[in-house]
Amino acid sequence: MKLQRMNRRALTLGALAVSGALALTACGSDDTGTTGSGNSSAAATGASDIKCDDAKGQLLADGSSAQKNAIDAWVKNFTQACNGVQVNYKGSGSGAGITAFTQGTVAFAGSDSALKPDEVEASKKVCTGGQGVDLPMVAGPIAVAYNLSGVENLVLDAPTMAKIFDGKIKKWNDAAIAKLNPDAKLPDLQIQPYHRSDESGTTDNFTKYLIAAAPNDWKYEGGKAWQAKGGQSASGSSGVAQGVKQTNGAIGYMELSYAKDGLGTVALNTGAAAPVKASSDGATKAVAAAKVVGTGNDLALKLDYTTKAEGAYPITLVTYEIACDKGNKAETLPATKAFLRYLASEQGQGILSGIDYAPIPDSIITKVRTTIEGLS
């Protein structure tokens, strides 16, 4: 009996040893710091093509919450291939990200607005011999979502939308809305417009659209803080989405990824042949018409919010990754370049449409790639 117990114990230990060896083999395929094709999981995500170089250590970043879901997907793929690097992106908001960058506490920042002149000057204190530059990396349509029983395909134009969010149009059966929706059964119901309570790049870009496309009906200066009076407010796109979902007659603006679970999205009458709904493809078409207005290595863009191009969705947000063109910290430069290189790669851009974002058009992203390779 004692011998039988010893044999059984030996067999158990042997099985554990084999199991452990297999586990170590699996880990070993990830533990090269390079991109071995033996990593079947990495190959499935495309991580096997990621170039790690000498990237290692912890990479801290902060900024735009609008791109957080994209960053999370990128980090997962990148750190799977380059497991010597930890990427920590907080997503505290564009303003917080720029502040952290100009104070030198993060390697790069994400912002839904390009650096202002005073922010560029502040960046020179931490970018030794250089300055912060704007690298457009991800685009996203800002959907105008609504909750209105019995109305499935709502069409609005910029002037009508401006009057709704400014409290000038108060009922859903208003003549201006009815004219744009002749076949809809619009209720005699109070409109409840929702806006962001926190400072937001989403607000900045949404109001830029209203300023450009409805200048006679939106008289505010714009910016990250909401300026119109009245309406309901909520923190973050998630808060706005939740408020609209809970209120029949509500309407609000948010990134497309939040406009789900029973919410309708407005089709914009831009003057094109057909109204345009928020989509990744529509956002990319809108960005394709943008002009680079940055100088040197800076690739800040100016969007055409009044575009009438077929299929182009003009309420589109571009998020920039902001990094030093020169004077990056030696300990974080390899990881910064490797991570940003992946984001801008065909592979990195390729995952965006599947998660409700839009890739940057080739004409622009090729310039971004060149700038990243020159970071020092």
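Against which elements do the buried residues of α10 pack? I opened the notebook with this point.

**Entry 1: basis.** I worked on a predicted model, in which local features need pLDDT of at least 70 and side-chain atom pairs count only at pLDDT 80 or more, while totals for chains, interfaces and linings use all residues. I numbered residues from 1 along each chain as its sequence is written, and side-chain values use heavy atoms, with hydrogens and water left out.

**Entry 2: helix α10.** I took helices (H or I, at least four residues) and strands (E, at least two) as DSSP runs, numbered from the N terminus. I called a residue buried under 20% relative accessible area, exposed over 50% and partly exposed in between, with a 1.4 Å probe and protein chains only. In helix α10 (residues 280–288), I listed Ser280, Gly282, Ala283, Thr284, Ala286 and Val287 as buried. These buried residues pack against β4, β13 (301–302), β14 and α13 (362–373), where contact means heavy atoms within 4.5 Å.

**Entry 3: helix α4.** I then looked up helix α4 (residues 94–102), whose buried residues are Ser94, Gly97, Ile98, Ala100, Phe101 and Thr102. Their cover includes β1, β3, α5 (117–123), β4 and β14. After α4 comes Gly104, with a positive phi near 80 degrees.

**Entry 4: strand β1 and its partners.** I counted two strands as paired if DSSP finds at least two bridges between them. Strand β1 (residues 57–63) runs parallel to strand β2 (residues 85–89), and 5 bridges join them. Within this pair, Gly57 stands opposite Val85 in β2. From β1 the chain passes through helix α3 (residues 68–81) to β2, a right-handed β-α-β crossover; with the strands pointing away from the viewer, the path from the first strand over the helix to the second runs clockwise in such a crossover. β1 also pairs with strand β3 (residues 108–111), in the parallel sense over 3 bridges. There I found Gly63 opposite Gly110 in β3.

**Entry 5: a sheet of 3 strands.** What is the order of the strands in the open sheet that includes β10? I read β5-β10-β11, with mixed pairing. The edge strands, β5 (155–156) and β11 (276–277), each pair on one side only. β5 is parallel to strand β10 (residues 267–268) over 2 bridges, and Leu156 has Leu268 as its bridge partner in β10.

**Entry 6: Gln190.** I placed Gln190 in the loop between α7 (175–180) and β6 (192–196). Gln190 is partly exposed, at a relative accessible area of 38%. Its C-alpha atom is separated by 5.9 Å from that of Lys170, 20 residues apart along the chain. Apart from neighbours within four places in sequence, Gln190 is in contact with Lys170, Lys171, Trp172 and Gly249.

**Entry 7: cavities.** I defined a cavity on a 1 Å grid over the protein atoms alone, as a set of points where a 1.4 Å probe fits but cannot get out; lining residues have an atom within 4 Å of a point. Of the 13 residues that line the largest cavity, Ala66, Gly140, Glu255, Leu317 and Tyr357 are the closest to its centre. β4 (132–147) and β14 (316–324) each supply at least two lining residues, and β4 gives the largest share, 5 residues.

Notes
1 Å grid on protein atoms, 1.4 Å probe; cavity = no way out; pocket = protein on both sides within 12 Å on 5 of 7 lines; lining within 4 Å.
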